[in-house]
Amino acid sequence: MTKYWRSLLLVALFGASMLLAGCDMFAEEQEEGDDVLYVYSWGDYLSPEVLEQFEEETGIHVILDEFDTNESMYPRVAEGAENYDVLCPSDYMIQKLIENNLLQPLDFSQLPNATEYIGEDFFRQSEAFDKGHIHNVPYCWGTVGIMYNIRMVDEPVDSWSILWNPKYKGEILMQDSARDAFMIPLRLQGHSMNTKDPQQLQAARDMLIAQKPLVQAYGVDDIRDKLSSGEAALGVIFSGEAINLMKANPDLRFCPAPKEGTNLFIDSWVIPKNARHVENAHKFINFICRPDIAAKNFESLGYSTPNLAVREQEEENEDMEGYLEVAFPPEEVYHGQETYSYLGKELDKLYTSLWLQVKVE
């Protein structure tokens, strides 16, 4: 090959590589442009129909990532592994994000649906983890309770103590989450689920270790499948999962608040400090608070909604007959229940260490 043709070939190859690089840069610019939104939420927490409708109405493409626990979500946000635009963590994790300067205040002038339709009681409740409720808009709420199969359980279920009954050995499902697992023995011993006393936490650990031979599995989403198919007699679940489970298996019943007390949780929409599409994030949160959209999410998920307009609609919904008290329980169910608080780095480490001791024992 002559020098001339070699030079010509090199020019052509260089031009092609630049063209490909330009295409990659263009694709990246398109992905990072104004028409995209990165959402990080609990698994199965948004109706696919709702996401499609948001994209159709706004032209904003939603890229959704999902997490199964608050603890698995936090490091991805804290370490900047992804630049998410909107998150949906739980109460105590929101407090942790705020205290570590990882959230930005919301502009409520861009959130008229939140102001109009989200119950003031839920904003007041959020004061426990977001002083002034300036960082969050409540999305779902509920309690941690016990789901049980009446064909396998022949006694009243109103206490956490049933989860230590040897009669149900191999038929008990527990949450694979330190806070939700430790909450149960803490309440059985009469302690706050937000205790900072190491001795109380160690005693709770010992109770969980003693319970372990009775436990079929520690899980998260798979608990629903096992209860639905009748593979276990009892399981610790979030109240929002109860309705769909009861519809799937008529033998299932739900105790939303054992008599020793339980966690009242609120999951809220927040915007990370390093979000790149802040305006889109506000549009999304405002859209989610629209009554027709909130109703679609509620009917898809089953989790109780703080959207007051939805409750009025669902009271007329024939499909909700027999389930309204689960979705919208009377005040005595949740009045006076505790909400998780962020306990600080040292307690985080202690919980992690104690929970690991339970799991490996």
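User: In which helix does Tyr92 lie?

Analyst: This is a predicted model, where local features need pLDDT of at least 70, side-chain atom pairs count only at pLDDT 80 or more, and totals for chains, interfaces and linings use all residues. Residues are numbered from 1 along each chain as its sequence is written, and side-chain values use heavy atoms, with hydrogens and water left out. Helices are DSSP runs (H or I, at least four residues), numbered from the N terminus. Tyr92 sits in helix H4, residues 91–99.

User: Is Tyr92 buried or exposed?

Analyst: Buried means under 20% relative accessible area, exposed over 50%, partly exposed in between (1.4 Å probe, protein chains only). Tyr92 has 6%, so it is buried.

User: Which residues is Tyr92 in contact with?

Analyst: Contact means heavy atoms within 4.5 Å. Leaving aside neighbours within four places in sequence, Tyr92 is in contact with Asn70, Glu71, Arg179, Tyr340, Ser341 and Tyr342.

User: What joins the side chains of Tyr92 and Glu71?

Analyst: A polar contact is a pair of N or O atoms within 3.5 Å; within protein, one must be able to donate a hydrogen and the other to accept it, and residues adjacent in sequence count only if both atoms are side-chain atoms. The one between the side chains of Tyr92 and Glu71 is 2.5 Å.

User: Which UniProt annotation covers Tyr92?

Analyst: UniProt positions are given in the numbering used here, feature names are shortened, and annotations may be inferred rather than shown by experiment. The unreviewed UniProt entry annotates Tyr92 as "binding site".

Definitions and conventions
Helix = DSSP H or I, 4+ residues; strand = E, 2+ residues; numbered from the N terminus.
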